[in-house]
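Subject: A structure for you to explore

Hi,

Here is the structure I promised to pass on to you. Have a look around it first, and then read my notes below.

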Amino acid sequence: MGKRVSVRRLSEGEDTAEKFTDTVGVLTSWDSGVLTITRKSGETVRIPESSLVAGKVVPAAPARRRGPSATYRELAYISSRGWQPVESERLGEWELRAAVQKVPREARPWGAVVGRRAGFTRRANSVLPLGDPGLPLDEALTVVRRWYGDRGLPAYVQTATGAEGTQELLCAELERRGWTREVTAELWIGALAPVADRADPAGVVLSRAADDAWLARYQRKGVSEVALKVLGRGSPRSSEAESGGGPSVWFATVPGEGAEPAAIGRCVVDGRWAGFGAVEVDPALRRRGLASLVMAALASRALEEGASAAWLQVETDNVGARALYTGMGFTAHHAYHHYREPAPTGDTGRDGSS
């Protein structure tokens with residue numbers, strides 16, 4: 001249990017010409033004659049033991065053929081520092097994170113709509129469970145739900161699958177308790193230098209803050225004060241960064257013909273890692289290399305600050321972005337998911353961060 005396995009089963013009754021089907025993933029349960037295996041993508045596969053032909057334990061993660069080496073825990077920590085909440089609290093080795101506008105409790109009944117104006121992104125409004133919460137799981141989840149409820153938000157837990165040390169077992173336990181997986185994306189990594197070599201960064205304007213022009217191109221319109229804090233967290237203007245301990249944040253802008261830029265991007269430099277995000281291009285100017293130009297300018301600056309490896313997050317259905325990043329040498333390291341708490345009986349649901 002909890003090991004990565006490869007299982008072969010009979011394919012009888014399935015629409016396939018193959019006699020056998022192979023499934024690779026983490027064994028998360030074997031109850032009542034059914035095996036449950038969680039694949040790298042987070043998909044759950046249930047296999048009747050009566051159909052089993054063979055099975056074996058396999059290495060926790062395949063050897064990487066290119067790019068930097070990294071553990072899940074390192075990347076989870078680095079990516080969290082690259083998108084920091086406004087407020088956080090420890091629960092054992094779990095981190096409860098929130099980036100929400102302060103609203104009086106009496107103005108936030110359970111059914112109240114919170115929306116993007118209150119909670120800025122699921123990443124900044126979810127639990128990062130990197131170990132033992134110090135309590136039995138049910139008790140820990142009760143604390144989590146109360147903590148987010150006090151802030152007028154639904155509780156989310158961010159989990160990961162597909163690499164050594166990820167949380168397939170926790171995913172299975174959440175699903176058994178009625179938590180719903182709403183979002184799946186992937187964290188990709190690659191070498192930084194090839195990104196900088198993709199284009200001549202001349203013409204790209206770099207700054208320490210997201211100005212009005214940058215925000216005009218940013219897809220999340222009507223950015224709040226809380227959102228600005230999350231976007232700008234880690235700037236060397238903070239005392240932590242000035243002492244060499246905090247991330248360094250850069251914003252890139254390619255000026256356009258009108259008020260809005262042709263393209264924008266954001267990069268967080270943290271030790272050997274440079275994290276890219278918010279790379280957006282004017283829809284009328286896509287497929288002209290502007291995204292590569294933005295990333296090249298940010299990568300060049302990150303190299304100057306001592307970084308050598310890069311990471312980014314991409315949704316599984318973003319075909320264009322995945323093709324671009326593959327061409328830059330990035331490969332998927334692991335998938336991550338956001339599990340939302342089950343609604344109480346009779347509740348119509350709450351809107352949370354996105």
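Let's start with Trp-30, which is partly exposed at a relative accessible area of 43%. Please keep in mind that this is a predicted model.

Next, the largest pocket. Its volume is about 1500 Å³, and 43 residues line it, with Val-279, Glu-280, Asn-318, Ala-321 and Tyr-325 nearest its centre. What kinds of residues make up the lining? There are 20 nonpolar, 12 polar and 11 charged ones. Strand E14 gives the largest share of the lining, 7 residues.

Now for the charged pairs. Side chains of opposite charge can pair when their charged atoms come close. The structure has 18 salt bridges, and these are some to look up:

- Glu-87 pairs with Arg-151, with their closest N and O atoms 2.7 Å apart. Glu-87 is partly exposed, whereas Arg-151 is buried.
- Glu-341 meets Arg-145 at 2.5 Å, N to O. This pair links the segment after E16 with helix H2, 196 residues apart.
- Glu-225 and Lys-229 have their closest N and O atoms 4.0 Å apart. They are 4 residues apart in helix H6, which means about one helical turn separates them.

Finally, look for Asp-138, Glu-173, Arg-176 and Arg-177, which are linked in a salt-bridge network.

Enjoy exploring!

Definitions and conventions. Residues are numbered from 1 along each chain as its sequence is written. This is a predicted model: local features need pLDDT of at least 70, side-chain atom pairs count only at pLDDT 80 or more; totals for chains, interfaces and linings use all residues. Side-chain values use heavy atoms; hydrogens and water are left out. Buried means under 20% relative accessible area, exposed over 50%, partly exposed in between (1.4 Å probe, protein chains only). On a 1 Å grid over the protein atoms alone, a cavity is a set of points where a 1.4 Å probe fits but cannot get out, and a pocket is an open set with protein on both sides within 12 Å along at least five of seven lines; lining residues have an atom within 4 Å of a point. Grid points are joined across faces, edges and corners, and a volume is the space filled by probe spheres set on the points. Helices (H or I, at least four residues) and strands (E, at least two) are DSSP runs, numbered from the N terminus. Ala, Val, Leu, Ile, Met, Phe, Trp, Tyr, Cys and Pro count as nonpolar, Asp, Glu, Lys and Arg as charged, and the others, Gly among them, as polar. A salt bridge is a side-chain nitrogen of Lys or Arg within 4 Å of a carboxyl oxygen of Asp or Glu.
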